[in-house]
Amino acid sequence: MLAEANKLGRITLAGAGPGDPDLLTLKALRAIQSAEVILHDALVSPAILALAPPEAERIFVGKKGHGPSIRQTDINALLVQHARAGRHVLRLKGGDPLIFGRAGEEIAAAKAAGITVEIIPGVTSAQAAGAALSVSLTHRDFARRLQFVTGHDRTGALPQDFDWQALADPVATTVVYMAKSSFAPLAAMLRGKGLADDTPAVAVMDVSLPSQLVLHGTLADLPQRLREANLPGPVLVLIGRAIKS
Ligand SMILES: C[S@@+](CC[C@H](N)C(=O)[O-])C[C@H]1O[C@@H](n2cnc3c(N)ncnc32)[C@H](O)[C@@H]1O
């Protein structure tokens with residue numbers, strides 16, 4: 001039993017931050033430098049992957065363009081298969097691995113296989129967006145809470161089971177992840193629940209990267225600006241009085 005456990009490798013689940021390699025934690029950098037196999041998403045920038053040893057096997061498990069993404073169960077199986085072969089497997093995700101990253105399913109699969117998992121947090125894109133905009137997301141004059149929400153449910157549509165009234169809180173800062181296609185219906189719902197049309201709203205693409213782009217607007221006009229801009233990269237939308245502070 002002990003001999004078998006010794007043969008097992010291990011899994012590290014790490015956040016690569018929003019893209020700028022300087023925003024990696026030292027611990028994530030050390031994990032990248034010692035990994036034998038790296039399973040990475042599309043949001044992990046090439047500059048970060050370049051920090052891995054040349055001999056480390058890199059496996060892309062993200063979504064390619066509009067094509068189908070690899071199934072989560074297949075990613076879980078790959079993690080377990082490589083760790084069972086005695087390797088140090090690094091699952092590298094954009095931002096923080098525990099925020100909208102399906103980490104729960106990977107942790108459960110590793111535990112079920114008896115494999116040790118270490119988690120290394122990362123700078124989530126919402127934090128980097130606050131820095132890029134030079135605003136305090138919890139400015140005490142304007143925000144009583146900070147809420148991270150997803151624009152996608154499992155089917156890719158805007159979730160319908162939000163507490164909409166709570167989301168429309170005028171003293172909250174709301175950060176919408178995966179906001180590109182769902183921000184228009186989300187903004188319409190918030191306005192319908194009484195959030196003022198002139199509430200500041202900002203879209204940020206590729207935060208922390210040289211291609212970073214910021215679109216300023218309001219809850220009323222940002223949906224159209226976003227549609228017209230047709231941004232090619234990942235986009236977050238931040239809503240609330242604090243982001244104009
Ligand atoms: C599956 S979620 C992963 C979130 C990630 N775990 C994090 O903590 O930032 C993907 C979404 O995160 C946001 N995102 C991640 N990196 C980003 C970046 N560099 N710039 C803008 N948005 C980003 C976008 O909303 C994107 O659609």
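**Overall fold and ligand site of the predicted model**

With 245 residues, a compact globule would have a radius of gyration near 18 Å, and the 19 Å of the protein agrees with this; the radius is taken over C-alpha atoms, and the globule rule is 2.2 Å times the number of residues to the power 0.38. The model is predicted, so local features need pLDDT of at least 70 and side-chain atom pairs count only at pLDDT 80 or more, whereas totals for chains, interfaces and linings use all residues. Residues are numbered from 1 along each chain as its sequence is written, and side-chain values use heavy atoms, with hydrogens and water left out.

The C-alpha trace of the protein spans about 65 × 35 × 35 Å along its principal axes. The protein contains 9 helices and 10 strands; helices (H or I, at least four residues) and strands (E, at least two) are DSSP runs, numbered from the N terminus. Of the 245 residues, 47% are buried. Here buried means under 20% relative accessible area, exposed over 50%, and partly exposed in between (1.4 Å probe, protein chains only).

The ligand is surrounded by 17 residues, of which Ile 99, Thr 124, Ser 125, Met 178 and Val 235 are the closest; a residue is counted as near if one of its heavy atoms lies within 4 Å. Domain 1 (2-120) and domain 2 (125-244) both contribute residues to this shell, so the ligand lies between them. The domain bounds come from an automatic or database domain assignment. By class, the shell has 11 nonpolar, 4 polar and 2 charged residues. In this classification Ala, Val, Leu, Ile, Met, Phe, Trp, Tyr, Cys and Pro are nonpolar, Asp, Glu, Lys and Arg are charged, and the others, Gly among them, are polar.

For Met 178, the distance to an oxygen atom of the ligand is 2.7 Å, and for Val 235 a backbone N or O atom lies 2.6 Å from an oxygen atom of the ligand. Taken alone the ligand exposes 560 Å², and the protein buries 88% of that; accessible areas come from the Shrake-Rupley method with a 1.4 Å probe.

Two residues stand out by their backbone angles. Most residues other than glycine have a negative phi. Phe 100, in the loop between strand 4 (88-93) and helix 5 (103-112), has a positive phi near 50°. Phe 100 is partly exposed, with a relative accessible area of 39%. Ser 208 also is not a glycine and has a positive phi of about 80°; Ser 208 lies in the loop between strand 8 (200-205) and strand 9 (213-218).

Further positions were examined individually. Asp 22 is located in the loop between strand 1 (10-15) and helix 2 (26-34) and, at 70% relative accessibility, counts as exposed. Its C-alpha atom is separated by 18 Å from that of Ser 34, 12 residues apart along the chain. Arg 58 belongs to strand 3 (residues 57-60) and is partly exposed, with a relative accessible area of 34%. Pro 170, in the loop between helix 7 (164-167) and strand 7 (172-177), counts as exposed at 55% relative accessibility.

Technical notes: A polar contact is a pair of N or O atoms within 3.5 Å; within protein, one must be able to donate a hydrogen and the other to accept it, and residues adjacent in sequence count only if both atoms are side-chain atoms.
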